[in-house]
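Subject: Structure for you to look at

Hello,

Here is the structure I said I would pass on. Please open it and keep it beside you while you read the notes below.

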Amino acid sequence: MLDRHNRNITYLRLSVTDRCSLRCRYCMPADGIPKRDHRDVCSAEELVEIARAAVDCGVRKVRLTGGEPLVRRGILEICRGIAAIPGVEELCLTTNGAALARLAKPLREAGVSRLNISLDTLRPERYAYMTRVGRLEDVFRGLEAAEEAGFTGTKLNVVLMKGFNDDEIPDFLDLSCRYSVEVRFIELMPIGEGRNAQFLPAEAVLDACPCLQPLEGSGVARRYRSPGGRGTVGLIEPMSHRFCASCDRIRVTADGKLKPCLHSRQEISLRGLSGEALRLAIEAGIAAKPERHYMNETGRSEAGRRMNQIGG
Ligand code: SAM
Ligand code: SF4
């Protein structure tokens, strides 16, 4: 379905929980978040129904996110339910990778087509520091399990932070040469805890490696390849290059609020709706998509929620 700015909305990012197994400093508070009553979060059936109604409105790609989707009870049931909806061409999932060694194969069998794995540093001590509780080796075991399970087109999400991982850009590029993955450098957004970390423009990647060869872009990413590399490199630049004009997505939070734009406070409640009423509410959300965000001018997001409550 086209929105009022002539953008075709085909992509739903569906958050299945705001809870997480890690506490990344730019995303979650140190002591986590207050535990919600499970009735405050959409049930597996509600999530599948929302996805089905979104497909009726023209969505073709669904990404499960969180919080950490792999800590959600019934995640495999949710994946199976959404993968089985006629019209879902891609079911993707974004994960911190911590539980992937155990879950990669079941996820594949449940119909997940592609994975994004978040990995902001390749150094074990830094990883432990940034995630507060995580172990780097778990992510690499997860990455290997994903390959063994038959996942292809895996992306590694690296949030760039000045003074934290800018000295690792060459190491990440090296990783993109050795593995058949896309290493995606993402600019830090000034949302929630993200306001406490140091922004670094994605252009720094090109400065660090002028030999990167441009490829055709894909979605919101500028793409490159290192000479002779197996994988590719992507730059996601929500701050320095506005990609609002080609935005094709809507988001739904784990408590069932449709966010037409990540950086807008506007939310439409989908809970308690079904059938035609649910479809009309999603259509209203698509119609309400603002033309653009104003983070470049204001230096802050108007999201009104932390990233773990939206899903990135
Ligand atoms: N827990 C999963 C993970 O980490 O992949 C999924 C949810 S997480 C909120 C989704 C993505 O958002 C991750 O790649 C994470 O690094 C990114 N993210 C979180 N806070 C961010 C921020 N302030 N700016 C840019 N990206 C952010
Ligand atoms: Fe959890 Fe992902 Fe946020 Fe890290 S970025 S705290 S893994 S939700």
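In which hand of crossing does helix 3 pass helix 5? The crossing is right-handed. Before the details, please note that this is a predicted model.

Helix 3 and helix 5

Helix 3 covers residues 100–109 and helix 5 covers residues 136–148. Their axes lie 8 Å apart and meet at an angle of about 20°. Angles under 35 degrees count as roughly parallel, and the two helices are therefore roughly parallel to each other. On the side of helix 3, the contact is made by Leu 100, Ala 101 and Ala 104. Helix 5 contributes Arg 141, Gly 142, Ala 145 and Ala 146. Sorted by class, this contact has 5 nonpolar residues, 1 polar and 1 charged.

Helix 1 and its two partners

Helix 1 packs with helix 2, which runs over residues 75–83. The angle here is about 25° and the axes are 9 Å apart, which makes helix 1 roughly parallel to helix 2. Helix 1 passes helix 2 in a right-handed crossing. From helix 1, the residues in contact are Ala 44, Glu 45, Leu 47, Val 48 and Ala 51; from helix 2 they are Glu 77, Ile 78, Gly 81 and Ile 82. By class, that gives 6 nonpolar, 1 polar and 2 charged residues.

Helix 1 also packs with helix 8, residues 275–287, at an angle of about 65° and with the axes 9 Å apart. This crossing is right-handed. Glu 49, Ile 50, Ala 53, Ala 54 and Asp 56 of helix 1 make the contact with Gly 275, Leu 278, Arg 279 and Ile 282 of helix 8. The classes here are 5 nonpolar, 1 polar and 3 charged residues.

The nonpolar core

The largest nonpolar core has 96 residues. Which of them touch the most other members? They are Leu 14, Leu 64, Ile 82, Phe 185 and Ile 282. Two of these names have come up already: Ile 82 in the contact of helix 2 with helix 1, and Ile 282 in the contact of helix 8 with helix 1. Helix 1 itself, residues 44–56, gives this core its largest share, 8 residues.

Setting aside neighbours within four places in sequence, Leu 14 is in contact with Leu 47, Ile 50, Ala 51, Val 62, Arg 63, Leu 64, Thr 65, Ile 82 and Val 252.

Regards

Methods. Residues numbered from 1 in each chain as written. Chains lettered and ligands numbered in written order. Predicted model: local features only at pLDDT ≥ 70, side-chain atom pairs only at ≥ 80, totals over all residues. Heavy atoms only, no water. Core = buried A, V, L, I, M, F, W, Y, C linked by side-chain atoms within 4.5 Å. Buried < 20%, exposed > 50% of the residue type's maximum accessible area, 1.4 Å probe, protein only. Helix = DSSP H or I, 4+ residues; strand = E, 2+ residues; numbered from the N terminus. Contact = heavy atoms within 4.5 Å. Axes fitted to C-alpha atoms, helices over the stretch in contact; angles between N-to-C directions. Parallel < 35°, antiparallel > 145°, perpendicular 65-115°, else oblique. Left-handed = near helix turned anticlockwise from the far one by under 90°. Nonpolar A, V, L, I, M, F, W, Y, C, P; charged D, E, K, R; others polar.
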